[in-house]
Amino acid sequence: MNLAQEFSQPEVQLGGIAPELLLVGVALIILVVDASFGRGDNRWYLAGLSALGLAGAAALAIMTWGDNELQLSNMIAADGLAAFSKVSLAAFGLLTVLLGRDYLARDKIEESEFYALVLFAVAGMMLMTAAADLIVMFLALETFSVSLYVLVAFRRASLASHESAMKYFLLGAFSSAFFLLGIALTYGAIGSTNLYGGADPVAEPGIANFITGTPTDDLSLLIVATGFLVIGLGFKIAAVPFHMWTPDAYQGAPSPITGFMAAGTKFAAFAALLRLFDASLFPLRSEWRPLLIVLAVATMIAGSVLAIVQEDLKRLLAYSSIAHAGFVLTGVIAANDRGVSGALFYLATYGVAVLGAFAVISLVAGRDEERVLLADHRGLFYEHPLLTTALTLFLLSLAGVPVTSGFVGKLVVFGAAVEAGYTWVVVVGVLTSAIAAFFYLKVMATMFLQERDPDAPALPVGRLASGVVAVAAVATIGFGLAWSPLINAAESATIFFQSPQEQSAPIPPGG
Amino acid sequence: MILGDYLPILFLIILSTLFAGGSIYASSKVAPKRSTRAKRLPYECGIVPEKESERERFPVKFYLVAMLFIIFDIETVFMYPWAVAFDELQLFGLVEMVAFIVILLAAYAYVWKRGGLEWVE
């Protein structure tokens with residue numbers, strides 16, 4: 001018996017994971033260089049190096065635009081979905097790093113680990129969007145989750161920060177177990193953990209070619225496995241009933257990280273959901289659609305209703321992020337081209353708006369984040385008209401008011417669901433949007449119509465932080481007025497799809 | 001029937017539950033209980049604690065050392081099969097291993113410079 005002769009050199013194509021490799025490399029350099037030579041308080045080069053790394057990663061992702069293939073032994077998908085997602089995630093990371101620089105300097109807790117962990121998290125999220133195998137997907141999930149557990153606890157002097165990290169960690173580990181069980185059952189059902197598989201379904205099985213290419217009636221185990229995978233990913237997108245950790249984790253985390261979690265984690269997990277359901281499991285849509293519809297409806301209703309009673313602005317936006325997960329889910333349910341591009345457009349614009357909102361919150365909260373209650377924002381307009389206007393703009397976008405990017409996103413996603421024949425889900429979505437508008441208006445009324453607390457301390461507003469707010473505001477209103485470039489980019493961001501019958505065809509139209 | 005393949009696992013779960021539960025139950029019923037002072041002391045768990053202090057902070061140095069040990073232990077575990085299969089893996093294996101070791105070296109330099117290897121701060 002000679003196993004050695006069976007070894008064949010795998011084909012190494014690093015194009016698909018080049019952005020991730022660059023980010024991990026830069027993060028390692030940051031850690032080692034700062035530990036070895038880091039001196040003094042003003043270590044601006046840490047943020048600068050991180051920003052350069054993220055910009056480079058975005059450039060590398062753009063270079064893969066137009067690719068539509070599987071790489072590294074079918075482990076990585078280099079396709080439009082991955083490229084679009086990676087550029088968006090790099091942008092989120094850039095905003096987070098620049099905002100984090102001002103935030104950390106203000107609270108005097110700047111450490112190189114913050115930047116390195118953000119870069120590791122972005123790399124993990126990027127890998128998640130490109131994963132063509134459940135094992136790679138799990139690896140990516142853990143990479144960004146573990147980084148985020150530490151980042152949530154980054155305010156080391158704050159017990160609230162520790163509490164949030166602990167809750168997030170325990171529930172995150174719990175959800176990972178569900179995801180792993182789903183992977184194990186998938187392997188039991190089809191003999192592989194791959195999402196696609198090779199051209200021959202017997203030699204190289206995968207979820208997609210197993211369903212279409214294997215003559216079997218018994219898909220029950222695969223469907224059970226799918227259920228567990230939904231639970232695992234449901235935790236990450238904060239879908240009801242897997243949303244319990246969200247308000248607690250968002251509340252205690254440093255505000256820039258809260259924004260980053262709302263934008264990035266959701267994007268990465270939704271990209272994985274889109275690949276899994278709208279490509280691999282597409283032929284089984286009659287089986288998984290009822291499941292996701294129940295999740296979406298429960299998520300939209302619970303998120304919008306529970307947000308009304310929140311007094312803490314960070315918790316309020318946490319529940320709002322839950323409701324938004326429900327809105328994006330309607331795009332996944334639609335499972336047609338418009339659903340996919342709409343969900344991507346929605347996630348990109350939502351991420352920018354929510355990062356901007358948390359940037360303003362982190363500024364208003366002041367040192368050690370002592371002023372995050374709704375009451376602390378009374379009369380903010382009369383002291384900081386520009387910041388208040390920006391926050392109002394972000395809230396209007398989250399509410400889905402016309403002229404903002406949030407309106408366009410909701411329009412496309414809901415339109416896709418109607419196209420697929422799920423009008424009643426859209427009706428629920430529109431009604432819950434109306435409920436949600438109430439608490440966004442409540443925040444605005446507090447800022448504009450009430451008296452400023454005379455004891456409120458003056459707010460130091462850093463240049464980088466105000467730059468982040470300005471960029472997010474311009475993007476929010478820009479994509480609300482001129483949406484076509486981003487929509488076109490999202491439309492060209494198709495998911496790799498192949499089946500034995502129709503080689504490398506785009507996603508079939510939904511029905 | 002694909003679920004039939006999992007039947008042995010179900011049997012194993014049932015058997016192991018019965019065995020574990022049965023053993024605990026049987027020993028609680030059958031075993032003689034004669035408590036002495038020596039028996040009530042913690043067995044091979046280090047020095048007997050002076051006081052009950054679960055609310056007090058205590059250093060976690062051993063934890064850190066154990067964690068670092070595992071990291072570099074795993075490195076060795078990976079290197080053995082690589083060394084055995086070196087002839088077949090050729091350049092591909094070498095590049096993979098160098099990448100792996102460079103990343104671990106970066107971690108090592110980081111831990112060292114950050115004082116993770118100092119026992120007394």
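Colleague: Into which domains is chain B divided?

Modeller: Bear in mind that this is a predicted model. Chain B is divided into domain 1, covering 1-31, and domain 2, covering 59-121, and the C-alpha centres of those two domains of chain B lie 40 Å apart.

Colleague: And how many helices and strands does chain B have?

Modeller: Chain B has four helices and zero strands, which gives the pattern α-α-α-α when chain B is read along its sequence. Of the 121 residues of chain B, 1% count as buried.

Colleague: How many residues does each chain put into the contact between them?

Modeller: The contact takes 11 residues from chain B and 11 residues from chain A. Sorted by class, the side of chain B that touches chain A has eight nonpolar, no polar and three charged residues.

Colleague: Switching to chain A, at what angle do the axes of α2(A) and α4(A) cross?

Modeller: Helix α2 of chain A, residues 44-63, and helix α4 of chain A, residues 112-130, have axes that cross at roughly 10° and come within 9 Å of each other. The two helices α2(A) and α4(A) are therefore roughly parallel to each other, given that angles under 35 degrees are counted that way.

Colleague: Which residues meet there, between α2(A) and α4(A)?

Modeller: On the α2(A) side they are Leu46(A), Ala47(A), Ser50(A), Gly53(A) and Leu54(A), and these meet Ser112(A), Tyr115(A), Val118(A), Leu119(A) and Val122(A) in α4(A). By class, this contact of α2(A) with α4(A) has seven nonpolar, three polar and no charged residues.

Colleague: What about α15(A) and α17(A), how far apart are their axes?

Modeller: Helix α15 of chain A, residues 405-419, packs against helix α17 of chain A, residues 463-481, with the axes 6 Å apart and an angle of about 50° between them. That angle makes α15(A) oblique to α17(A). Ser405(A), Phe407(A) and Val408(A) in α15(A) meet Thr476(A), Phe479(A) and Gly480(A) in α17(A), so that, by class, the contact has three nonpolar, three polar and no charged residues.

Colleague: Next topic, the largest nonpolar core. Which residues have the most contacts inside it?

Modeller: Those are Val122(A) and Met128(A), in a core of 196 residues. The largest share of this core, 20 residues, comes from α13(A). Val122(A) has already come up as one of the α4(A) residues in the contact with α2(A).

Colleague: And what is Met128(A) in contact with, leaving aside its neighbours within four places in sequence?

Modeller: With those neighbours left aside, Met128(A) is in contact with Met137(A), Ala140(A), Leu141(A) and Phe144(A), and also with Ala268(A), Ala271(A) and Ala272(A).

Colleague: You mentioned α13(A). Is Ile361(A), which is found in that helix, buried or exposed?

Modeller: Ile361(A) is found in helix α13 of chain A, residues 337-365, and it is buried because 24 other C-beta atoms lie within 10 Å, where 20 or more are needed. Leaving aside neighbours within four places in sequence, Ile361(A) is in contact with Ser255(A), Leu313(A), Lys314(A) and Val372(A). The C-alpha atoms of Ile361(A) and Leu373(A), which are 12 residues apart along the chain, are separated by 9.8 Å.

Colleague: Now the backbone. Which peptide bond is cis?

Modeller: The bond from Val240(A) to Pro241(A) is cis, with omega near 5°, and Pro241(A) is found in the loop between α8 (220-237) and α9 (245-252) of chain A. As background, most peptide bonds are trans, and most residues other than glycine have a negative phi.

Colleague: Where does Ala238(A) lie, and what is its phi?

Modeller: Ala238(A) lies in the loop between α8 and α9 of chain A, and it has a positive phi of about 60° although it is not a glycine. Ala238(A) is also buried, with 29 other C-beta atoms within 10 Å.

Colleague: And what is phi for Ala335(A)?

Modeller: Phi of Ala335(A) is near 55°, again a positive value in a residue other than glycine. Ala335(A) is found in the loop between α12 (313-334) and α13 of chain A, and it is buried, with 26 other C-beta atoms within 10 Å.

Technical notes: Residues numbered from 1 in each chain as written. Chains lettered and ligands numbered in written order. Predicted model: local features only at pLDDT ≥ 70, side-chain atom pairs only at ≥ 80, totals over all residues. Axes fitted to C-alpha atoms, helices over the stretch in contact; angles between N-to-C directions. Parallel < 35°, antiparallel > 145°, perpendicular 65-115°, else oblique. Contact = placed C-beta atoms within 7 Å. Buried ≥ 20, exposed ≤ 12 C-beta atoms within 10 Å, placed from the backbone. Core = buried A, V, L, I, M, F, W, Y, C linked by C-beta atoms within 7 Å. Domains from an automatic or database assignment.
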